[in-house]
Amino acid sequence: MNAVAAVDPRAMSSDAGQSIAAGQLIRQATGGDLGAFEELIRRLQRRVYGFAYQHLRDTEEAHDLAQEIFVKLFRNLARYDSERPFEPWFWKLAANTTINYRRKRVPTPTDQSADQGAGGTESLGGPAHDPTLVDALAQLDPAYRLPVLLHYYADLPLEQVALSLNLSVPAIKSRLHRARALLRNSLAESEEAGNQ
């Protein structure tokens with residue numbers, strides 16, 4: 001009998017139930033259970049795609065990056081230490097994969113209106129974002145962009161962002177504070193330019 005199917009549905013609604021089930025899925029996936037790995041992907045895919053889209057601002061590239069993140073996850077499952085929380089480990093893997101992907105990728109211009117016309121992020125499960133904010137985020141240095149994306153778009157608590165990026169919580173708070181200030185300035189400049 002599949003251990004995931006045997007979990008009480010009421011336990012799944014709590015955070016503890018979710019983490020226990022995630023732990024079971026990881027153990028099963030590490031043991032070669034592809035069904036468990038597929039369920040893990042289903043649970044993470046929306047946040048991973050949103051994370052990838054906010055980095056690349058291109059729907060096709062975001063799909064490719066999300067797929068690469070899941071391939072890396074599959075290849076590295078055996079390295080996961082089950083004594084530690086899964087999410088910080090996973091988001092560190094996702095952040096590193098994203099950095100490497102961006103380094104390898106040749107910058108290509110994207111047409112925001114074409115992306116929106118071809119379905120945009122709303123039809124793919126991600127929220128629609130103000131293009132000015134998306135541009136401002138893209139201009140941030142990765143040292144500031146990664147904490148913003150992990151905390152606000154992947155919904156990770158500060159402690160998990162810190163673990164994912166090998167930084168202290170105060171360092172993450174500082175980077176988020178600085179990133180918000182940079183974003184405010186960038187958005188103010190864009191608004192002034194639009195009013196002239």
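Where is Arg 57 found?

1. This model is predicted. Arg 57 is found in the loop between α3 and α4, and α4 covers residues 59-76. Look at the backbone there. Arg 57 has a positive phi of about 60°, although it is not a glycine. Most residues other than glycine have a negative phi. Check the surroundings too. The relative accessible area of Arg 57 is 18%. Buried means under 20%, so Arg 57 counts as buried.

2. Find Asn 166 in the loop between α9 (158-165) and α10 (169-195). Is Asn 166 buried or exposed? Its relative accessibility is 56%. The cut-off for exposed is over 50%, so Asn 166 counts as exposed.

3. Now turn to a helix pair. Helix α3 spans residues 34-56, and helix α5 spans residues 86-104. The two pack at an angle of about 40°, with their axes 11 Å apart. Angles under 35 degrees would count as roughly parallel, and roughly perpendicular starts at 65. The pair α3 and α5 is therefore oblique. The crossing of α3 past α5 is right-handed.

4. Which residues make this contact? From α3 come Leu 40, Leu 44, Arg 47, Val 48, Phe 51, His 55 and Leu 56. On the α5 side, the partners include Phe 86, Phe 90, Trp 91, Ala 94 and Tyr 101. Sorted by class, the contact has 11 nonpolar, two polar and three charged residues.

5. Aromatic rings come next. How many aromatic pairs does a search of the whole structure find? The search finds nine. One of them joins Phe 86 and Phe 90. Their ring centres are 5.7 Å apart, with 20° between the planes. This pair is stacked. Both residues lie in helix α5, four residues apart, which is about one turn of the helix.

6. Phe 90 has another ring partner, Trp 91. Here the centres are 5.1 Å apart and the planes stand at 75°. Planes over 60 degrees apart count as edge-to-face, so this pair is edge-to-face. Phe 90 has a relative accessible area of 0%, so Phe 90 is buried. Trp 91 is buried too, with a relative accessible area of 0%.

7. Ring pairs link Phe 51, Phe 70, Tyr 80, Phe 86, Trp 89, Phe 90 and Trp 91 into a cluster.

Methods
Residues numbered from 1 in each chain as written. Predicted model: local features only at pLDDT ≥ 70, side-chain atom pairs only at ≥ 80, totals over all residues. Heavy atoms only, no water. Axes fitted to C-alpha atoms, helices over the stretch in contact; angles between N-to-C directions. Parallel < 35°, antiparallel > 145°, perpendicular 65-115°, else oblique. Left-handed = near helix turned anticlockwise from the far one by under 90°. Contact = heavy atoms within 4.5 Å. Nonpolar A, V, L, I, M, F, W, Y, C, P; charged D, E, K, R; others polar. Phe/Tyr/Trp six-rings, centres within 6.5 Å; stacked < 30°, edge-to-face > 60°. Buried < 20%, exposed > 50% of the residue type's maximum accessible area, 1.4 Å probe, protein only.
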